[in-house]
Amino acid sequence: MKTKEDINLGHLPQHIAIIMDGNGRWAKEKGKFRIFGHKNGVKAVREVSEGCAELGVKYLTLYAFSTENWNRPKVEINALMALLVKTIKKETSTLMKNGIRLEAIGDKKTLPEDCRNELKEAIELTKENTKMTLILALSYSAKWDIVNATRDIVKRAIDGKIALKDVNENLINNTLTTHKYPHPELMIRTSGEYRISNFLLWEIAYSELYFTNVLWPDYRKEDLHEAILDYQKRERRFGKTSEQFI
Ligand code: IPE
Ligand code: IPE
Ligand code: MG
């Protein structure tokens, strides 16, 4: 079996995005409530964050709560938000130890106040860290981001700040909340689901997709290494032919 040592550090994805899925099923398998799965997912978050920072991956985006997740039962939402507050508080030392800067994307104003405050504090505390940026997607969906960006662009056009000819790929890209980060080269989804669930639609236009059956609470550094090794075997052609790369 291939391991961490087989990873070519000269050919790492700069940015990895992960749809952390399967917490509920993991708990169910054990005869527990869904929140037990969410709680046990925190270890996997620590593992991949450390795992990416150790290797030299510069950006890691984790899909933690989607716009659609607001449709879940209230008890689960409340428990998830409480867990988020607790985790951010508890994990800031891990972030500092590993030189990780925390950032967040999503409709932050919809988050409970204690959650927003905790997040703000951790972002402030870690802002000088340079080894890696960990981006939490919270109350996020790609369509939410695209709609907001469109509004912003239309407003600028109405105000006469931009003309129709200025609307191009760059402008759209720079108006999305993800504009500060390179697009992910690798996107991973756990739990055996083969869908994107409204995550980074624009940004993954040319990402390599990797799906695994591992449920999120069981996800460990070795699983991350396996995904990166698989990524390194792929030929990214961007519309060209194989021969053009020889
Ligand atoms: C992912 O696990 C975590 C969140 C979406 C918050 P799920 O809660 O979706 O777990 P499953 O998919 O029901 O197993
Ligand atoms: C996607 O997982 C959102 C997050 C991981 C935060 P879901 O479990 O909510 O996705 P669907 O609804 O099953 O596609
Ligand atoms: Mg799910």
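User: Which polar backbone atom is 3.1 Å from an oxygen atom of ligand 1?
Analyst: One of Asn 23. That is a polar contact, a pair of N or O atoms within 3.5 Å. The model is predicted: local features need pLDDT of at least 70, side-chain atom pairs count only at pLDDT 80 or more, and totals for chains, interfaces and linings use all residues. Residues are numbered from 1 along each chain as its sequence is written, chains are lettered from A and ligands numbered from 1 in the order in which they are written, and side-chain values use heavy atoms, leaving out hydrogens and water.

User: What about Arg 25 and Arg 34, how far are their polar side-chain atoms from a ligand oxygen?
Analyst: For Arg 25 the distance is 2.7 Å, and for Arg 34 it is 2.8 Å.

User: How much of ligand 1 does the protein cover?
Analyst: The protein covers 87% of the 380 Å² of accessible area that ligand 1 has on its own (Shrake-Rupley method, 1.4 Å probe).

User: Which elements give two or more residues to the shell?
Analyst: Helix 1 (23-29) and helix 2 (34-55); helices are DSSP runs of H or I, at least four residues. Helix 1 gives the most, with 3 residues.

User: Switching topic: how many aromatic pairs in the whole structure?
Analyst: The search finds 10, with ring centres within 6.5 Å. Tyr 59 and Tyr 181 form a tilted one, 5.9 Å centre to centre with 55 degrees between the planes; under 30 degrees counts as stacked, over 60 as edge-to-face and the rest as tilted.

Technical notes:
A polar contact is a pair of N or O atoms within 3.5 Å; within protein, one must be able to donate a hydrogen and the other to accept it, and residues adjacent in sequence count only if both atoms are side-chain atoms. Rings of Phe, Tyr and Trp (its six-membered ring) pair if their centres lie within 6.5 Å; planes under 30 degrees apart count as stacked, over 60 as edge-to-face and the rest as tilted.
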